[in-house]
Amino acid sequence: MHEYTSSARIWGLSCPGFPEEVSRARRWTRDILRGSPLAEDAELIVSELSANAILHTASGQAPGSFHLALAVSPQVIALSVTDDGGTGTAPKIEHQDQDAEHGRGLGMVSALAHRVVVHDSHGGHTVTAELITEAGPVGGAPC
């Protein structure tokens with residue numbers, strides 16, 4: 001492989017912070033990952049992360065927005081959602097009981113993904129979920 005080329009492909013999408021944009025984010029993810037055995041899991045993860053951005057951050061307030069990035073390589077599908085911030089704390093995985101109506105979303109994302117990372121990003125937060133493909137990481141077996 002040439003030193004300046006990569007087998008990874010990266011897509012980005014910015015959405016206004018309206019609830020109906022969650023379905024747009026799902027369709028966008030489904031279209032990019034068409035034919036992948038991980039497409040349904042990825043679609044569910046993007047849906048949850050996008051809804052969280054709208055419901056729990058300034059992304060859901062005028063003129064808020066959220067931003068998606070989707071990176072696909074032969075080994076990993078990485079899905080990132082960046083919100084507009086406005087909260088005092090970073091998103092965190094909570095373990096709620098099964099009857100709870102809220103607070104289980106990141107736990108579900110964590111159960112589907114091989115890794116979930118939360119970091120600060122320009123006044124907001126970015127949540128990245130990684131799905132390992134059957135090929136596994138370069139040089140080793142799946143995590």
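The model is predicted, so local features need pLDDT of at least 70 and side-chain atom pairs count only at pLDDT 80 or more, while totals for chains, interfaces and linings use all residues. Residues are numbered from 1 along each chain as its sequence is written, and side-chain values use heavy atoms, with hydrogens and water left out.

Start with the parts list. The protein has three helices and five strands. Helices (H or I, at least four residues) and strands (E, at least two) are DSSP runs, numbered from the N terminus. Along the sequence, they follow the pattern β-α-α-β-β-α-β-β.

Now look at the sheet. The five strands form an open sheet in the order β1-β2-β3-β5-β4, and the pairing is antiparallel. Two strands pair if DSSP finds at least two bridges between them. Which strands stand at the edges? They are β1 (9–16) and β4 (115–121). Each has a single partner strand, so one side of each is left without a neighbour in the sheet. The twist averages 15° from one strand to the next. Axes here are lines fitted to C-alpha atoms, for helices over the stretch in contact, and angles run from 0 to 180 degrees between N-to-C directions.

Move to β2 and β3. A hairpin of three residues joins β2 to β3. These two strands pair in the antiparallel sense over six bridges. Within this pair, Ala71 stands opposite Ala78 in β3. Strand β3 (residues 76–82) is also joined to β5 (residues 124–132), by seven bridges. These strands run antiparallel too. Here Leu79 stands opposite Ala129 in β5, and Ser80 stands opposite Thr128 in β5. In a regular strand the side chains alternate between the two faces of the sheet.

How many residues of β3 are buried? Six of its seven are, so β3 is largely enclosed by the rest of the structure. Buried means under 20% relative accessible area, exposed means over 50%, and partly exposed lies in between (1.4 Å probe, protein chains only). Of the 143 residues of the protein, 40% count as buried.

Next come the helices. Helix α1 (residues 21–32) lies across β1, β2 (65–72) and β3. The helix runs at about 165° to β1. Between α2 (39–56) and β2 there is a loop, and Pro63 sits in it. The peptide bond from Ala62 to Pro63 is cis, with omega near -5°.

Then there is the core. In soluble globular proteins, nonpolar side chains tend to be buried together. A nonpolar core is a set of buried Ala, Val, Leu, Ile, Met, Phe, Trp, Tyr and Cys residues joined through side-chain atoms within 4.5 Å. The largest one here has 27 residues. Those with the most contacts inside it are Ile45, Phe66, Leu68, Ile77, Leu79 and Leu131. The elements that give two or more residues to this core are β1, α1, α2, β2, β3, α3 (105–112) and β5. The largest share, seven residues, comes from α2.

Take Ile45 as an example. Leaving aside its neighbours within four places in sequence, Ile45 is in contact (heavy atoms within 4.5 Å) with Leu79, Val109, Leu112, Ala113, Ala129 and Leu131. Across the protein, among contacts between residues at least 6 apart in sequence, 60% join residues at least 24 apart.

Finally, consider the charges. Side chains of opposite charge can pair when their charged atoms come close. The structure holds four salt bridges. A salt bridge is a side-chain nitrogen of Lys or Arg within 4 Å of a carboxyl oxygen of Asp or Glu. In one of them, Glu43 pairs with Arg30, and the closest N and O atoms are 2.6 Å apart. Glu43 lies in helix α2 and Arg30 in helix α1, so the pair ties together parts that are 13 residues apart in sequence. Glu43 counts as buried at 15% relative accessibility, whereas Arg30 is partly exposed at 35%.

Another salt bridge joins Glu130 to Arg115, with the closest N and O atoms 2.9 Å apart. This pair links distant parts of the chain: Glu130 is in strand β5 and Arg115 in strand β4, 15 residues apart. Glu130 is buried, with a relative accessible area of 18%, while Arg115 is partly exposed at 46%.
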